[in-house]
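Subject: A structure for you to explore

Hi there,

Here is the structure I promised to pass on to you. Have a look at it first, and then read on for what I found.

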Amino acid sequence: MSAKPSGNYRASYVEPDGQRHVASKTYPAKVDAETWLTEVQGQIRREVWKSPYVIQAETFGPYATTWLAQRRTKKGETLRLRTQEMYQDVITRGLARFRSTRMTDLTVTMIRKWHADRTRDSGAAQAGLEARTLRAILGTAAADGVIAANPCPSELTRSKTGRLHRPPTSEELAVILDVIAPRFKLAVQLAAFGGLRLSEWRGLRRADLNLTAEGHYVASVTEQALRVAGEWITGDPKSDAGVREVALPSWLTDDVTAHLDTHVGPFPKNLLFPSGGVSEYADMAWLRAWDRARIAAGVRWLEDAKGKRMEGTDPWRRDKPGPHGGLGQRIEKIGKWVSVVREHDLRAYYATTLLKEGASTFVVQRAGGWSDVRAMAHYVKLTNGADTATANLLQRPIAPSQPSNVVALAR
């Protein structure tokens, strides 16, 4: 410890390799210099110390890759494959600008400029997601002592887009069900009247739907199907609460039976929604059918550069063969697609409708497989009858009596 002519104090210590290292800055009070020195000596004793020269040379790309490999959930569990893929995509694409940047060279100004560019190029929602990931990585780096403080401002992690997603109205849902390709009608019904996630109904097989003596079907949700890095991966549902028995409304029985008879193979392991062969998961065909149905219902449209709605635009071309057996290709960008109803909003329709009809919050959370219900499940146990009664609160949507001014696209 030495005092400078200015009156400030500079601390130094001997590194494990025998070299003396002097602190990069001085401290106005001796106690501050001693605190810094005590912290460094503690790191050396705990064998977590890093040479300042190594820290200075560390670049963002390799550090972010290591961060992701070591990332765990709050319960200490390995991240799910889809979450890992999301983080990897953000690091590879969204944060590519920083890959070769030294960690100690990252500044608030640099990050603000990057965020403004990403907001312009990819939208506020994507920029917010990438900023949250960047802030988490740099937060770990600060805790590791690689950088002095986190230079990513917290306000950049907010992602207001100006457009709110919402559940479809009963009238919009009726149009979607009327227009969508028959092979995917039950998929929409399972999400809107059973609360199933996209990955959950995709993974359903014939054996997972069972007709009860009371005349309604029960869907056993035990796995999900996700497309990760170009490959289909099956595994447990999103959370422990996702493994559940879902009672479907009695009025849906005929539709389920018709789907099984028409679109599903005869064996127990046959998928409910195959694409091509009986063992292939529906993907592009579903997206095409879903987009067209939403356009017909008026919940998806194309806007030109001035924000004017463009009517009657098919999001899928049929004049050129596509990469998946002639399914077609997406139309060239001539504007911006706007969707106010997403696949996940069908689950919101399920929950809000049940709550509006008088079901308790606990019943809805349990039936929908939301993990927040687990704490309440220690005190309340529902019977199958209660689940069935809940399902029957959902009524079949009825299309408007007047013809819609939206012309359905040819299937």
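How many bridges join strand β6 to β9? Before the answer, please keep in mind that this is a predicted model. There are four bridges between β6 (residues 217-221) and β9, and the two strands run antiparallel. If you want one place to look, find Val218, which stands opposite Ala247 in β9.

These two strands belong to an open sheet of three, ordered β5-β6-β9, with antiparallel pairing. At the edges are β5 (209-211) and β9 (244-247), each of which pairs on one side only. From one strand to the next, the twist averages 25 degrees. As background, strands of a sheet pair through backbone hydrogen bonds, either parallel or antiparallel.

Next, the helices. Two packed helices are described by the angle between their axes and the distance between the axes. Take helix α8 (residues 185-194) and helix α12 (residues 345-356): their axes come within 6 Å and cross at roughly 40 degrees. That is why α8 and α12 count as oblique to each other. On the α8 side, the contact is made by Val188, Ala191, Ala192, Phe193 and Gly194, and on the α12 side by Leu346, Arg347, Tyr349 and Tyr350. Sorted by class, this contact of α8 with α12 has seven nonpolar residues, one polar and one charged.

Now for the rings. The count comes to nine aromatic pairs. One of them is formed by Phe193 and Tyr349, an edge-to-face pair with 6.1 Å from centre to centre and 75 degrees between the planes. Because Phe193 lies in helix α8 and Tyr349 in helix α12, the pair ties together parts that are 156 residues apart in sequence. Are these two residues buried or exposed? Phe193 counts as buried, at 1% relative accessibility, and Tyr349 is buried too, with a relative accessible area of 6%.

Trp286 counts as buried at 1% relative accessibility, and Trp290 is buried with a relative accessible area of 1%. Ring pairs also link Trp286 and Trp290 with Phe184, Trp201 and Phe273 into a cluster.

Enjoy exploring!

Best wishes

Terms used: Residues are numbered from 1 along each chain as its sequence is written. This is a predicted model: local features need pLDDT of at least 70, side-chain atom pairs count only at pLDDT 80 or more; totals for chains, interfaces and linings use all residues. Side-chain values use heavy atoms; hydrogens and water are left out. Axes are lines fitted to C-alpha atoms, for helices over the stretch in contact, and angles run from 0 to 180 degrees between N-to-C directions. Angles under 35 degrees count as roughly parallel, over 145 as roughly antiparallel, 65 to 115 as roughly perpendicular and the rest as oblique. Contact means heavy atoms within 4.5 Å. Ala, Val, Leu, Ile, Met, Phe, Trp, Tyr, Cys and Pro count as nonpolar, Asp, Glu, Lys and Arg as charged, and the others, Gly among them, as polar. Rings of Phe, Tyr and Trp (its six-membered ring) pair if their centres lie within 6.5 Å; planes under 30 degrees apart count as stacked, over 60 as edge-to-face and the rest as tilted. Buried means under 20% relative accessible area, exposed over 50%, partly exposed in between (1.4 Å probe, protein chains only). Two strands pair if DSSP finds at least two bridges between them.
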